[in-house]
Amino acid sequence: FTISLRKVDNTTVVIKPRSGVSSSCQIAIKNGIRFELKIKPGENVTFTFTCQTPEKYFIMEIQKNIDCVLGSCPFGDVHLYPPGLPRLNKTYVWDVKASTKAGLELKFSTPWLRQIAPGEMCPDSISYKINSCIDNATVNIGTFCRNGSVSRVKLLGGVVMSLHLPWNTALTTSGFNIANRASIKRLCIIESILKGESSITLMSPNYPLGFPEDELMTWQFVVPSNMRASVFFHNYSLSNCERKEERVEYYIPGSLSNPEVFKLSDSQPANIAGSFNMSLQGCDQDAQNPGILRLLFQVVVQHPQLDENVTHLVDLSKERNMTVTIHFEGWPSHIPLMSEPVCLICKDPRTCDRVLTLASGTVYRISFLCKDLSRLRITAEKGISCVDLRWCQRKIYSLTVPKAITQLPIRLHKFIWNLLAPDLINIEITSPSLKLQQHVPEQRCNASYSYSIVSATPETELNVGLFCPGGSIEKIQMRNNITISLKTFGKGFINESKHQDLKMSFVPHIKDECTFTVSPNPKAKVYLQTPNGPYGLPPYVSISWYIIVPSKQIARLGFSKNRMGIACETGRAYVNIKEETSGAEETVRREDELLPDPRNMYHNFWVNVSNCKPVDKTQLILQFWVTFADKQIDLGIILAVVAGAGVLVAIGLTVCCVKKKKKKTQNPMVGVYNSNVNTQMPGKKGLFAKGRQNNESHVYAVIDDAVVYGHLLKESNGSLTPEVDVYRPFDGPIGSVPPSPPPLSFRKSTKCSSNTEEEPPPLTDTDHDTYTFAHQNSGQLEDNGDANKKDKGDTSMPLLENKKQDGLVE
């Protein structure tokens, strides 16, 4: 290769090794071998490379100095000089000196330039870098690729223009020219020409390091008159100002208040008709802590929308603690810089954005600059709190989506209720008519919306589960703060939302972390699962289900697996099952035991699951199911009833015979009255009071009439020798209430006469016969007393008692 540089061109060429590459290739000239070669103006050098692929080892810089201060400024196209250079990666640098009173204008040929962020690469690896030189300071105006909208750049003072070309490029022209000199009295002016629907991204000088102190720059946007432009700030920061104020100024055609001044934190103008200017003004910064002023923004140009004058009323005047955000699909995790026209939401003709947040207590009239509203979504959030339970316990809050949201032509993505309760106050969620269905693998939700319920406890966050309408859960009671998120699926929510019935109230403190009240459909099979799936129930958390069994139904309870599937490091895990009826037995299983087999439940019952601290990473995930069947009359019960009826008939016949015999005999039986016995009218108690069951104070001796009146009978005829029963005198203590008379079947039996003509009247409470017969012996009574005491003992499990005290069991 031969490189010949004229002295008048003031150009220097340097060939040097690429950084980080070994020197296995050299440059050979007539004087020897070189690792670097510098060719100065006026020199003529011939050289070769000692390898076949020098582009892997060397790069080339070509620097040309241009003096527009003392000499004549070479206006016109800037050429790539000198020709015939080796195929190496090249960087052309044009250092143009100019006076601050006569700035320079660089004009780019089509397809113009596109600004990129630092570190970003151009698709074709051809890039331009523009630096402005004021006195001894250098400001990086920006780095640009080809194929963009930046057509001109005016700079105050000199400019250093760099063009980077890859070794295999076919580019033969620089792509810009020095147009003229003009005083601009600001750092720079960047002109951007936008044609048709398009989007561009621009950055302030020195981005992201910081805009120069107290400087002013301007962007000029050329927009077709039949198009609309909108400005969006995506990333900015502010410096610490001692004097003045950082701001953005707009000159908009037809505006009554040019310049329109905005803060960087304001929503920027949108829906601008025609060309406009935007300027960024810095301030005098604090010398000790200057801070950084920087800005990255976007300009979107699109056709006017046919429905841009159609407004939608959003009345949030009666709402409290609620925000409504209308946003682009994918917000907030995914908001790409717009490469094409997108949907814009406007709260007035000039205030539009891809994301618009509306606050409660206000009435809005919004419009949309959007060809396809299906790309927009609504996310709303409402807070409900309770400070004084005496006031808020009487109130029932409706957790429904307001009509102001459902009437908009935009799909509701999510509605979030943040329910805040202080200590010792809990939250109750009810769904009286629709009821809720828990989403489990065996019982998936297929409605147009669902509720995600999360309970935030001090130790951990308990994900209660995913629920949808049309199930069997009437009530959910939870501790501490709750977040309920309604999420929609498809377009059916607009119609189904009219029937929402989810309600919330504040209730006194409950002991369990969560309690469900379940009232299943008698014909359904209900699956219920512990919360926090699939991660498992947190350690030491207790969950309860109260299952309501219809009066004419039998519930069948079963577990989906035969063990809990965990091993405890600390404590024990339990499953407790108990029917809510007197004397019901409690079924308890530990984590190391088999779970109960499917069983029938005849009354309302409780299922409680309490977790321990599991070892390793094992988690407690427990699922059970409930089905119902009609109560069937058992054949054994029927036979027992028939047998019982036969016994009653036999007893009736015996009583009949005894009464007839008494009426026919001339010597009726009389009772010997014991004066030590209380003769008060017997009460209705079914069990003896304590103190009377172990003595015989209630026993009478019954004898024939002849025993009492035998001497009279003997005087009359002297022929009767009466029969006498054994007399049992009373000498024990007496109770407070006398016992009730025993049944007639306990009286002394006599043979029944078949020819009795009349029955005596039955014994009633109004009869003053205080007769009783000898009952069971004291041993039997003591056994009965123990049995009674056992029946009346504490048979309820502590968990159920706690529920009753908390008012969870009706």
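Strand 11 (residues 103-108) and strand 15 (residues 150-155) run antiparallel and are joined by four bridges, where strands are DSSP runs of E with at least two residues, helices are runs of H or I with at least four residues, and both are numbered from the N terminus. Two strands are said to pair if DSSP finds at least two bridges between them. Within this arrangement, Glu105 stands opposite Lys154 of strand 15. Strand 15 also pairs with strand 18 (residues 188-193), again in the antiparallel sense, over five bridges, and here Val153 is found opposite Ile190 of strand 18.

The model is a predicted one, in which local features need pLDDT of at least 70 and side-chain atom pairs count only at pLDDT 80 or more, while totals for chains, interfaces and linings use all residues. Residues are numbered from 1 along each chain as its sequence is written, and side-chain values use heavy atoms, with hydrogens and water left out.

Seven helices and 57 strands are assigned in the chain. A further set of three strands forms an open sheet in the order 4-3-7, with antiparallel pairing. The edges of this sheet are strand 4 (32-34) and strand 7 (48-49), each of which pairs on one side only. Strand 3 (residues 27-29) is joined to strand 4 by three antiparallel bridges, and the bridge partner of Ile29 in strand 4 is Gly32.

Of the 810 residues in the chain, 44% are buried, a term that denotes a relative accessible area under 20%, whereas exposed denotes over 50% and partly exposed the range in between (1.4 Å probe, protein chains only). The accessible surface of the chain comes to about 43000 Å², and 51% of this surface belongs to carbon and sulfur atoms; the areas come from the Shrake-Rupley method with a 1.4 Å probe, and for residues only the protein chains shown count as cover. Among the contacts in the chain with a separation of 6 or more, 81% are between residues 24 or more positions apart, a contact being defined by heavy atoms within 4.5 Å.

In soluble globular proteins, nonpolar side chains tend to be buried together. A nonpolar core is taken here as a set of buried Ala, Val, Leu, Ile, Met, Phe, Trp, Tyr and Cys residues joined through side-chain atoms within 4.5 Å. The largest such core has 82 residues, and those with the most contacts inside it are Ile429, Ile476, Ile484, Phe506, Phe516 and Trp545. When neighbours within four places in sequence are left aside, the residues in contact with Phe506 include Ile384, Leu389, Tyr397, Leu420 and Ile427, as well as Ser385, Gln393 and Asn426.

Several loops hold particular backbone features. A cis peptide bond, with omega of about 15°, joins Thr110 and Pro111, and Pro111 is placed in the loop between strand 11 and strand 12 (113-116). Another cis peptide bond, with omega of about 5°, joins Tyr207 and Pro208, and Pro208 belongs to the loop between strand 19 (198-203) and strand 20 (216-222). Asp214, also in the loop between strand 19 and strand 20, has a positive phi of about 55° although it is not a glycine, and Asp214 is partly exposed, with a relative accessible area of 29%. Tyr540, likewise not a glycine, has a positive phi of about 60° and lies in the loop between strand 46 (526-529) and strand 47 (542-547).
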